[in-house]
Amino acid sequence: MHILTRNKLTFVVFGILFLVSCSSNQNTTTTTNNNAPQDLIVSEGFKNPIGFYDATPSFSWKLPQNKNVKKQTAYSIVGASNPELLPDNADLWESGKIESDQTLFVKYKGKKLSSRQKVYWQLKFWDQDKKTSDWSEVANFELGLLNNSDWKAKWISLPKVDKEKAPKTNKKSYKVQYLRKDFTIDSKIASARLYITAKGLFEAEINGKKVGDDVMAPGWTPYNKRIETLTYDALDHLQKGTNAIGIALAEGWYGGRLMLRGYPKVSPKVMCQLEVKYTNGEVQTFITDESWTATQDGPIVYAGIYDGEQYDARKEQKAWSTKTFNDTSWQKVIAEDIDATIKLTPKRHNTVKSVQELVPISITEIDKGVVIFDMGQNMVGVPRIKVPMHKEGTLKIRFAEMLQQDGRMYTKNYRGAVSTDYYTAKEDGQIAYQPTFTFHGFRYVELSGFDVSATPDKSWVTGIVQHSDYKLNLEFSSSHKKLNQLQSNIIWGLRGNTLDIPTDCPQRDERAGWTGDAQVIAPTSFFIGDVHSFWMSWLESLRNDQDEDGAVPVMVPSLGGRLKAGAGWSDVITIVPWETYLRTGDVGVLEENYTSMKKWVGFYQSKAKNHIVKMFTHGDWLQPYSTHERDERFGVTSNKLIITAYYARSVYLTSQTAKVLGYQAEAKQYELLFDAICDVFQEQFFDTQGRIIEGPETQTAYLLPLAFDLLDQELVQKAVPHLLEQIKLTDNHLRTGFLGTPLLPLVLDKIGETDLMYEILFKETYPSWFYSINQGATTMWERWNSYTIKDGFNKGGMNSFNHYAYGAIGRWMYERIAGIKSTKVGFKEIEIAPIPGGPLTSAAATYNSPYGKVSSSWKLVGKQFHLEIKVPPNTTAQVLVPGNTQEGIEVNGVEFEDNSDVKLLSKTKEAFVLKVTPGAYSFKTNY
Ligand code: RAM
């Protein structure tokens, strides 16, 4: 490898140490008796990241959750290039004492930062009594390569990259390329970073050892606009003398066939830059260039997203990524300069990782030598196989989400996705194999081709669950088994469809970033996992793929196709930023997306005549009992009504965003537009009695305007009975598709019909959430009746058993059943207002809010209602404790009297309304 730079770095650190003046306003006036701030993170949830993407980051922290700390009244942050300089000699930033209760997204205002720079930071805070805390631990972040000009490396690949067909199909995938290079380290290393990315998927090894534990890296972005790069600490991989680096490169989303797009006319390439800093201050850089060699004659014959992977152990090239390997039979690569128009940016959300392992709950030998392993859970990832084989034998690994009635694998719903892996053994004995460059959506794994003299054993297969590595942070439980199963299905649905981007489904020949599904699940997703950066990154892809005229594709990354945009789907560009802001408190998400929101509204405007828009929509997709004359997948709710409702919604959210960002004039302008759309909406679509006159009356037709506040109060009063009538007509079942379903609980809550929502939720008959559970669902399904015990599989061409859209009910489960809701952005003000209902006798949830854990746990005990809550510091909570308000309420075991921590605000007929300060409380009422 050629040595690119060799420059002397002089470290002048301690020389300036004493020249830095101490901040005068950081004097501590009172004693330090509080614990230090905790959970220090940069920007959207990153803890001590390297290869960080943001040179103007923000800082967040949590106050210690103990009874002494109620709130923050001031903070002080210091940042330095060396931890030794902290806290008194910070050379990058001293915020000084800032009187503020802000603990989230405090913007860095220190010296300008640049690529590769490492910043150490810590802080302290002043509490409600103006007492200072201890300094926090020192956190840090290190920037990645922020500009294309930081890259000296070139894209490399074989001059001609061949494809291979999956056995007995016409589905072709690129054969995997193996690329390698020896290089020499001749001095003592202080630190080493491997910067790397691919047009395709890579896995890198140095001296025979895999670098990092990421899978499917670098992930999926609009590759013609932006490619994300990764940074690894390579120090422990390197040695003095000769080293070797090897990279396996597969097609992934970049070079493989994808629905609508078909086979792209591009082949995979990789690029890396290894920067080694020596203890003497010198830096040596090794890059991908013409001097590398490559082959396609390695063990991973091919690998495709849809079609699976073929591994031939006979082709293993022993120690190929070590210095002992002789690569003289390998070919020279070709190298290309990086493209100026494609932005290379450090990945801004967590990579995909193997996050959990599942063991089979049972095995069945369906035919001699054919064994089906039941993982007990529909999951997404790959299997790890350990199975005895004969030399030259080929193991066939099939996948299925469901079994047919005869116990065989049901794969029809994978449609054109071959989704099969193959492994050919090089010798007799136990093999160990885990696919590298593909993933599957499955509950069942079928093996054939193993050594049939062996007795099949559960240990042969382990399910490796893979998705973007966000922290799962919700605990929800209740007294009802099926409700708990629903919660589990929602979680698995989200996990299975967040493999680098939000997808509709993870198994068939689709797995695309459908925007409608994403906007529908986004609010619930925050309760389940720390998905802030996940959405931020994908929103960047949305902006990348937005047309000049404002159109937002229905799938992002865009796969082309004839659909330019669609109402209810493309509105993701206003809905997801707003939901992210509400739940995280991050104004940055609005700043980043405001221009795109306006452009999207502009697109609507360009298609509007008297505020009625002509545009495409998938409508209330998959509405049950649809009688749509052309295609039953489209619901029957009027498209015109849906499009206008979403137009109004996007305009409203844009006006709200403008307000938050301080663009008052624009906010006013969008508000006026919203009012004008509402006027036309009610005039054209409703009669004076509040009945829909545009298209058939449906639940969704009423839900949209009621959820989006499109009607005057008077008309709301009149419309509500019509909605209730529609629900009654269906014997209190839902009749909603993708768009209507998430709105149903919100509207019923708004109009005080919680009992009705409980009834709908606890229905066991079609269509309902429990109906799918009664048919055996372990994830959310695309259709309420994707499978029924009575009639078998749904005949529809689209029949996914892992589709998160209907999981949107999750939000109501946390906000209403457990009762935890944010009422001021980012949970600064919290409402804890559980309402018991249905057959439930208890429910509990803990939510890891930006300020700390919020919890609510209630149970009915005889004729009493018991509630226990936790409210994190620096917030306030309004608690609505249900009970007979003619009688008293017990707080923390004693008859309630107003005190400094708990105040009675009011009593309604059904609940005591209290305001509490941070802390833990218990309440008891007669119920
Ligand atoms: C299907 C997808 C997705 C939906 C679109 C309209 O192909 O699975 O769920 O948003 O249709």
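Mentor: A polar contact is a pair of N or O atoms within 3.5 Å; within protein, one must be able to donate a hydrogen and the other to accept it, and residues adjacent in sequence count only if both atoms are side-chain atoms. This is a predicted model: local features need pLDDT of at least 70, side-chain atom pairs count only at pLDDT 80 or more, and totals for chains, interfaces and linings use all residues. Residues are numbered from 1 along each chain as its sequence is written, and side-chain values use heavy atoms, with hydrogens and water left out.

Trainee: How far is an N or O atom in the side chain of W621 from an oxygen atom of the ligand?

Mentor: W621 belongs to the residues around the ligand. Being near takes a heavy atom within 4 Å. For the W621 side chain, the N or O atom and the ligand oxygen are separated by 3.4 Å.

Trainee: How much of the ligand's accessible area does the protein cover?

Mentor: Accessible area comes from the Shrake-Rupley method with a 1.4 Å probe. On its own the ligand has 290 Å². The protein's share of cover is 96%.

Trainee: Which residue has a polar side-chain atom 2.6 Å from an oxygen atom of the ligand?

Mentor: Take W569 to begin with: its polar side-chain atom lies 3.0 Å from a ligand oxygen. The residue at 2.6 Å is D517.

Trainee: How large is the area buried between domain 2 and domain 3?

Mentor: The domain assignment gives domain 2 as 148-301 + 314-351 and domain 3 as 354-459. Their C-alpha centres are 29 Å apart. Buried area is the accessible area (1.4 Å probe) that two parts lose on being put together, summed over both. Carbon and sulfur atoms give 63% of a total of about 1300 Å².

Trainee: Which residue forms a salt bridge with E392?

Mentor: A salt bridge needs a side-chain nitrogen of Lys or Arg within 4 Å of a carboxyl oxygen of Asp or Glu. The rule finds 2 across the interface of domain 2 and domain 3. For E392, with closest N and O atoms 3.3 Å apart, the partner is R314.

Note on methods:
Domains from an automatic or database assignment.
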